[in-house]
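User: I have a structure to go through before the afternoon. Can we take it piece by piece?

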Amino acid sequence: MNTKAANSGSRKTQSGRPARLSLADWMPKIVMAPTVVVTLVCIYGYMIWTAVLSFTNSRMLPSYKFVGLDQYERLFNNDRWIVALTNLGIFGGLFILICLFLGVVLAIFLDQKIRAEGAIRTIYLYPMAISFIVTGTAWKWLLNPTNGFEKLMIDLGFENFKFDWLINPDMVVYCLVIAAVWQASGFVMALFLAGLRGVDGDLIKAAHLDGANTFTTYRRIILPSLKPVFFSAMVILSHIAIKSFDLVAALTNGGPGYSSDLPANFMYAHTFTRSQVGLGSASAMVMLGCVLAILIPYLYSELRGERHE
Amino acid sequence: MSKASIGRQTTWVEKALRVALYTVLIIMATVYLMPFLVMLLTSLKDVEEIRTGTLLSLPSTLDLSAWSKAWGEACTGNNCGGISPYFLNSFQIVIPAVLISTLLGAINGYVISLWKFRGSDLFFAALLVGCFIPFQVILLPMARTLGWLGIANTTTGLVFVHVVYGVAFTTLFFRNFYQAIPGELVKAARLDGAGFFTIFYRIILPLSTPIIVVTVIWQFTQIWNDFLFGVAFSGFDTQPVTVALNNLVNTSFGGKEYNVDMAAAIIAALPTLAVYVLAGKYFVRGLTAGAVKG
Amino acid sequence: MANLVIDNVKKRYGTTEVLKGINIAIEAGEFLILVGPSGCGKSTLMNSIAGLEDVSEGRILIADNDVTYTSPKDRDIAMVFQSYALYPNMTVAQNISFGLEMRKVPKEERDVEVQRVAELLQINHLLNRKPAQLSGGQRQRVAMGRALARRPQLYLFDEPLSNLDAKLRVEMRTEIKKLHQKLGTTIVYVTHDQIEAMTLADRIAVMKDGEVQQLGTPQEIYDNPANLFVAGFMGSPAMNFIPAKVVSQDGNPMLELATNSTVALPFPKPEALVNHIGQTVLLGLRPEMITEPQPHKVGQDFVTTTDIKVEVTEPMGADTMIITRVNDAEINCRSNPAYPAAPGSVIEMMFDTSKAVVFDQATGHRLDK
């Protein structure tokens with residue numbers, strides 16, 4: 001690789017002649033500069049700024065009166081936040097598990113020389129092209145107890161059928177799971193299908209020659225070799241779960257009450273509509289903490305893997 | 001990876017399994033299609049039919065009035081001009097944001113892959129983190145910055161925000177693509193007398209068509225579907241269509257017109273769905289590339 | 001054509017020194033080969049000559065001009081890469097003329113030059129194809145064509161043949177040699193293939209660990225290696241190294257060998273061994289110096305016949321390699337295929353030590369210089 005520009009500044013010569021410092025040598029750095037500045041300011045700078053705000057008593061406007069960990073204490077004494085975190089646990093856990101399960105199963109099924117595979121794949125994946133707002137709007141209508149799914153089942157003859165999860169504070173979080181799974185499971189399927197197609201064909205031939213049947217081949221040979229795909233899918237899905245904001249906004253708007261809030265909605269509400277900037281910042285920092293807890297091991301293994309290539 | 005047993009009679013067990021397999025796949029396809037089908041059916045009914053019928057009952061007449069209302073008359077918040085102005089807002093935001101972020105990503109990827117300098121790899125790692133941070137941590141500082149820059153509540157402001165937070169992804173895409181280009185190509189061109197931009201323009205860019213398509217589609221979908229930045233940084237008349245749709249659906253005065261909601265939702269989804277149908281291959285490639293490596 | 005002087009060039013990455021003061025001067029029209037194992041610094045040196053990497057210390061002169069800090073495009077150098085590095089989006093003709101275009105040569109002149117080069121390399125029929133449509137050998141020719149088109153002062157070849165299959169490699173090797181003889185160009189050529197080095201070079205620089213171990217003509221390096229590394233690196237099959245005790249016979253130092261029986265071999269420079277009597281040294285003997293007894297040589301000075309026990313034979317067509325053990329070291333002997341040598345049998349072989357060399361066992365230094 002070209003290391004020229006890097007050395008331009010520190011070049012020493014025996015004869016003490018000035019090193020060549022032409023514009024061309026600096027060009028790569030010059031064109032990268034805007035991105036570097038923007039990244040440092042708008043990602044890392046802002047992160048620090050939010051961190052600072054989370055230690056202040058900022059309400060409607062940022063103030064810089066430091067109150068230590070007060071906001072975090074308030075946060076974890078706040079029932080709404082606890083509900084949001086609990087919801088995240090339920091929503092995230094179920095969303096990830098169901099998506100992984102459906103994704104793997106559908107990918108394996110589609111991998112059996114299926115006729116019209118392309119068309120079926122297209123159908124499974126199209127929700128991923130749609131905004132969560134549209135998804136939320138659609139499922140809000142589908143799941144509404146008066147005219148939606150419940151009425152459909154009753155009209156089909158199941159007279160006592162009841163499906164009121166959308167307005168039931170205990171069940172509403174599962175509506176989020178349903179809509180999110182509908183949207184993202186096809187994506188997991190696509191990831192696994194790509195993974196399956198990348199498995200070395202000789203490996204499968206060898207397994208068959210060793211007498212393994214199809215089921216055993218998948219369980220013992222193919223799926224274990226897709227461990228990296230599982231890993232990536234988990235990271236992406238947990239990332240989607242932690243950031244989920246629009247789905248809640250469109251499907252339940254946090255309701256009934258705040259029973260279907262997720263941390264992202266809590267943060268938005270407190271920062272922008274309830275004039276609790278300090279508290280909102282603290283909640284944002286907790287979200288960041290969650291993401292980093294998942295991300296750092298992942299990036300570490302990714303980057304290390306790359307170095308071994 | 002065919003498990004088909006060549007040269008052997010397929011037994012009835014295998015046949016039954018095949019039938020079961022297709023049944024499951026078709027049922028799942030129906031499940032995935034159902035919500036969109038219901039949206040479409042609902043948008044074609046009138047309010048009365050919606051109240052009396054079920055989700056799957058067919059409309060008695062082909063009634064497009066909900067569509068025209070959603071487009072031109074429906075009320076979003078206090079504004080009753082339909083979602084068409086917001087639909088156009090979205091294009092006003094998406095097009096420049098996609099172009100700028102793609103161009104920046106291409107240049108950055110070119111430098112990071114083929115003109116490494118001390119710290120460029122470290123910077124790339126730092127940028128990768130930018131792909132993942134929950135945007136809640138930058139929301140408030142960015143709102144204040146947009147205010148200082150005088151572009152708060154404008155489409156320009158939204159373009160800026162989408163470029164800033166999109167460039168991490170576009171850089172990642174181009175960097176991974178250019179990583180496969182041998183460094184000797186650049187060395188050869190330098191000895192031939194070509195400079196930084198000539199090499200980019202004459203040699204690297206002509207090779208980049210596939211990744212440009214992937215990036216443009218990815219960015220288009222991401223930015224069009226964005227809600228968080230739209231709701232946080234737009235003004236009343238600069239909202240993108242996702243925000244307007246959410247307002248329309250949640251506008252509570254008057255009777256609930258589900259047919260109009262559904263028509264508006266489909267309109268809001270149409271551009272990205274069209275891209276998906278027309279260029280699905282690239283869309284999937286972007287998803288998996290963004291996912292597996294990012 | 002120009003001469004090239006590499007004057008005490010050093011290159012450091014952080015604290016690791018990959019070039020430890022390289023001094024090489026080559027004449028205009030000379031063909032120099034840099035050879036050595038991977039990681040020896042030969043590619044770094046190549047990149048430094050091209051200006052693709054900066055040197056930490058020292059000077060590089062082309063045609064007596066100091067170009068140490070000149071940018072690559074102003075050094076008037078062309079390079080042929082291992083991967084060929086053809087521009088994938090351009091046709092063969094565009095690839096060849098790109099360098100001229102960058103130097104603002106008018107279109108008509110470029111076309112003339114492309115024609116000249118294409119004829120020289122017999123690639124006329126390929127001019128409108130893209131690199132992806134070419135075979136490996138054709139790409140190699142185009143890569144050379146691109147270098148030739150600019151008529152630079154100096155050509156650099158970075159392992160240009162290592163991506164070709166064995167047969168094509170031999171063909172292109174001859175081709176390159178012919179071109180060099182015809183055009184009289186100055187060439188620096190990196191390879192790790194010692195046969196390429198032997199056949200092509202006017203002079204060879206054998207490198208290891210960022211240092212030039214020996215710089216000389218192929219024959220000098222083959223017959224008179226500076227140290228154990230060079231001796232082992234050049235030649236295929238490699239030189240045999242036999243640990244042998246120096247004994248004194250009638251006042252003459254001899255090298256004692258235990259084959260099937262024990263013999264003492266004479267050494268052409270006994271004075272080098274006088275101080276080592278009683279010690280064990282490494283005797284270096286090329287395989288072709290251990291053969292079946294040849295009547296015209298038997299009885300000459302430094303020729304000794306003795307019995308060996310055959311372990312394995314490897315027929316190679318023209319010769320048969322016989323592998324045996326001497327002083328517990330496995331050695332290769334080159335014999336006539338007609339000479340009977342069944343594995344396990346004991347046969348008579350002839351050791352010719354007239355070109356033998358000896359090394360210090362511990363340091364690898366030549367003892368007989």
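Analyst: A definition to begin with: two strands count as paired if DSSP finds at least two bridges between them. This is a predicted model. With that rule, strands S17, S18 and S19 of chain C form an open sheet in the order S17-S18-S19, with antiparallel pairing.

User: Which strands are at the edges of that one?

Analyst: Strand S17 (312-315) and strand S19 (329-335) of chain C, each of which pairs on one side only. From one strand to the next, the twist averages 25 degrees.

User: How many bridges join S18 to S19 in chain C?

Analyst: Strand S18 (residues 320-326) of chain C is joined to S19(C) by 7 bridges, and the two run antiparallel. One of the pairs is Met321(C) with Arg334(C) in S19(C).

User: What is in the loop between S18 and S19 of chain C?

Analyst: Asp328(C) is found there. Its phi is near 70 degrees, which is positive although the residue is not glycine. Most residues other than glycine have a negative phi.

User: Is Asp328(C) buried or exposed?

Analyst: Asp328(C) has 8 other C-beta atoms within 10 Å, so it counts as exposed. The cut-off for exposed is 12 or fewer.

User: Which other residue has a positive phi, near 45 degrees?

Analyst: Glu159(C), again a residue other than glycine. Glu159(C) sits in the loop between strand S7 (154-158) and helix H5 (166-183) of chain C. Because 19 other C-beta atoms lie within 10 Å, Glu159(C) is classed as partly exposed. A residue needs 20 or more to be called buried.

User: Now the five-stranded sheet. What is the strand order?

Analyst: In chain C the order is S13-S12-S11-S14-S21, an open sheet of 5 strands with antiparallel pairing. Its edge strands are strand S13 (262-265) and strand S21 (357-359) of chain C, each pairing on one side only. Ignoring direction, neighbouring strands of this sheet are turned by 45 degrees against each other on average.

User: How many bridges between S11 and S14 of chain C?

Analyst: There are 6 bridges between strand S11 (residues 240-249) and strand S14 (residues 280-285) of chain C, in the antiparallel sense.

User: Where is the cis peptide bond?

Analyst: From Ser236(C) to Pro237(C), with omega near -5 degrees. Pro237(C) lies in the loop between helix H8 (228-233) and S11 of chain C. Most peptide bonds are trans.

User: How is chain C divided into domains?

Analyst: Into domain 1 (4-233) and domain 2 (240-359). The C-alpha centres of these two domains of chain C are 40 Å apart. Domain 1 of chain C puts 4 residues into the contact and domain 2 of chain C puts in 5 residues. On the domain 1 side of chain C, the residues touching domain 2 are 3 nonpolar, no polar and 1 charged.

User: And how is chain A divided?

Analyst: Chain A has domain 1 (4-53) and domain 2 (75-308). Their centres, taken over C-alpha atoms, are separated by 40 Å.

User: How many residues of chain A are in contact with chain B?

Analyst: 88 residues of chain A, in contact with 78 residues of chain B. Helix H2 (residues 23-53) of chain A gives the most to the chain A side, with 17 residues. By class, that side has 62 nonpolar, 19 polar and 7 charged residues.

User: What is the average pLDDT of chain B?

Analyst: Chain B averages 86, and 93% of the residues score at least 70. Over residues 1-7 of chain B the pLDDT stays under 50, and the model has 10 contacts beyond four places in sequence for that stretch.

Methods. Residues numbered from 1 in each chain as written. Chains lettered and ligands numbered in written order. Predicted model: local features only at pLDDT ≥ 70, side-chain atom pairs only at ≥ 80, totals over all residues. Domains from an automatic or database assignment. Contact = placed C-beta atoms within 7 Å. Helix = DSSP H or I, 4+ residues; strand = E, 2+ residues; numbered from the N terminus. Nonpolar A, V, L, I, M, F, W, Y, C, P; charged D, E, K, R; others polar. pLDDT = per-residue confidence, 0-100. Axes fitted to C-alpha atoms, helices over the stretch in contact; angles between N-to-C directions.
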